[in-house]
Amino acid sequence: MSDELAGLSRRSLEERRALVARRLGITRESLDDALLGGGLDEATANRAIENVLGTLALPFAVATRFVIDTVPRLIPMAVEEPSVVAAASAGAKRIAQGGGFTVDTDPPITTAEVELLGVLDVDRARSALADANEPLVEKAATILPGLVARGGGLREIELLTFGDSVVVHLHVDCRDAMGANLVNTLAEALAPELVQLTGGEPGVAIVTNLADRRKVRVRARVSAEALGGLQVRDGIARMSTLAERDPYRATTHNKGIMNGVDAVVLATGNDWRAVEAGAHAWAARTGRYQPLCRWWAEGDDLVGELEMPLALGIVGGIGRIHRLARFAVELSGAQSAMELAGFAAAAGMACNLSATRALVTDGIQAGHMALHARSVAAAAGAVADEVDEVARRIHQAGTVGLEAARAALSELRRER
Ligand code: MEV
């Protein structure tokens with residue numbers, strides 16, 4: 001893609017906005033409109049949650065160089081941590097050299113749990129539910145007619161036991177919605193029928209955030225050359241093995257993945273708590289906490305695979321009232337919730353590749369501190385072009401801290 005977007009990080013904010021607007025084929029005014037006030041004014045925020053005092057701003061950025069299923073993409077990211085967007089773009093650039101990311105997704109199934117108390121005969125309850133499958137699906141269609149009109153609806157009813165607890169899972173195709181509200185509505189409305197069929201008492205009814213029917217798989221192949229040689233390639237594969245063996249390392253490995261995933265989830269107005277809960281529950285599904293993304297050597301290449309549940313929406317939710325979150329989805333070009341989930345997972349994989357590559361080469365601090373120095377410079381009071389110059393000076397001196405930045409800023413101002 002993006003020759004015109006190459007070196008975007010070195011452009012001014014103005015130039016960057018102009019280039020991105022041109023790339024998206026939209027006017028500069030509409031980009032500015034979407035970004036205005038972070039996409040959410042106070043009056044709207046005041047209607048969104050309770051006891052509102054204002055809004056919280058975060059940097060909103062685009063990661064470049066992503067080629068996903070052969071299509072170049074811009075990836076929207078909202079994150080406070082320096083070097084995450086750079087890591088995503090750098091990882092995606094290396095992966096693009098090997099043909100880019102390949103994504104495969106489950107259907108957009110969100111699941112509700114209905115707890116049933118005092119079911120005496122579990123096998124009978126299970127067969128009663130199987131016999132009543134058709135009328136239950138029909139009843140569900142009357143409860144969620146809009147979803148059925150959009151091609152979604154109740155797909156499967158499953159009875160599970162956990163010790164002597166009995167739980168019915170309602171697997172619902174939620175199309176482009178994340179679906180928590182849809183499945184909660186359905187679960188509460190169907191609970192009386194489920195109780196009657198199984199001979200139990202009603203328990204609780206609520207979505208499960210372990211969205212393991214809504215997973216995303218991303219694959220990538222990178223040549224050793226694109227990584228800086230066989231030693232680097234082998235180092236990344238070794239880090240992946242370490243993450244499989246050492247849960248302390250797996251947690252940090254996954255944190256690096258969530259740097260990318262969460263930034264896309266947040267930028268697009270999705271529920272990052274649900275995504276986080278699901279991701280880590282999935283990582284721990286075998287009873288031992290595991291990495292979400294693995295890398296191994298194949299021929300001269302490094303091959304990676306990431307698999308995780310990702311329940312995102314591109315309709316409903318905060319996007320109804322949040323201009324920037326809506327715009328972020330448009331910017332990505334995602335046409336469905338699962339496509340957006342694939343982009344978020346690709347961002348996670350790209351961040352993971354960059355982080356593990358940095359760890360086995362220069363160490364994480366070299367690149368991170370260079371970028372972190374800019375926010376330290378700004379915190380010390382540097383403005384406009386002072387920021388880069390103060391950052392350069394403190395980074396070069398190896399003292400990236402507030403005091404050093406204040407001193408460098410005073411010195412710079414005296415010089416000018
Ligand atoms: C920092 O935000 C993320 C890393 O710690 C991830 C990792 O160690 O793989 C660099």
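These exercises work through selected places in a predicted model, each with a solution in steps.

This is a predicted model, in which local features need pLDDT of at least 70, side-chain atom pairs count only at pLDDT 80 or more, and totals for chains, interfaces and linings use all residues. Residues are numbered from 1 along each chain as its sequence is written, and side-chain values use heavy atoms, with hydrogens and water left out.

**Exercise 1. The surroundings of His169**

Task: State in which strand His169 lies, whether His169 is buried or exposed, and what is in contact with His169.

Solution. 

Step 1. His169 belongs to strand β6, residues 165-173. Helices (H or I, at least four residues) and strands (E, at least two) are DSSP runs, numbered from the N terminus.

Step 2. His169 counts as buried because its relative accessibility is 11%. Buried means under 20% relative accessible area, exposed over 50%, and partly exposed in between, with a 1.4 Å probe and protein chains only.

Step 3. Leaving aside neighbours within four places in sequence, His169 is in contact with Thr111, Ala112, Glu113, Glu156, Ile157, Glu158 and Leu160. Contact means heavy atoms within 4.5 Å.

Step 4. With Glu113, the side chain of His169 also makes a polar contact of 2.8 Å. A polar contact is a pair of N or O atoms within 3.5 Å; within protein, one must be able to donate a hydrogen and the other to accept it, and residues adjacent in sequence count only if both atoms are side-chain atoms.

**Exercise 2. The loop between β7 and β8**

Task: Describe Thr208 and Asn209, which are placed in the loop between β7 and β8.

Solution. 

Step 1. Thr208 has a relative accessible area of 16%, so it is buried. Asn209, at 33%, is therefore partly exposed.

Step 2. Not counting residues up to four places away in sequence, Thr208 touches Thr111, Ala112 and Glu113.

Step 3. The side chain of Thr208 reaches the backbone nitrogen of Leu210 at 3.0 Å.

Step 4. Asn209, with neighbours within four places left aside, is in contact with Met178, Ala274, Ala277 and Gly278. Gly278 is 69 residues from Asn209 along the chain, yet their C-alpha atoms are separated by 5.3 Å.

**Exercise 3. The ligand**

Task: Find which residues surround the ligand and which helix gives the most to its shell.

Solution. 

Step 1. Around the ligand are Glu81, Arg249, Thr252, His253, Lys255, Gly256, Asn259, Ala355, Leu359 and Ile364. A residue is counted here if one of its heavy atoms lies within 4 Å of the molecule.

Step 2. An oxygen atom of the ligand is 2.7 Å from a side-chain N or O atom of Glu81. The distance of 2.7 Å is also found for the side chain of Arg249 and for that of Lys255.

Step 3. Two elements give two or more residues to the shell: α11 (247-267) and α14 (337-360). Helix α11 gives the most, with six residues.

**Exercise 4. Helix α13**

Task: Work out how many residues of α13 are buried and what covers them.

Solution. 

Step 1. Helix α13 spans residues 323-332, and seven of its ten residues are buried.

Step 2. The buried residues are Leu324, Ala325, Phe327, Ala328, Val329, Leu331 and Ser332.

Step 3. Their cover includes α1 (13-24), α2 (28-35), β1 (60-68), β2 (71-78), α11 and α14.

Step 4. Just after α13 comes Gly333, with a positive phi of about 80°.
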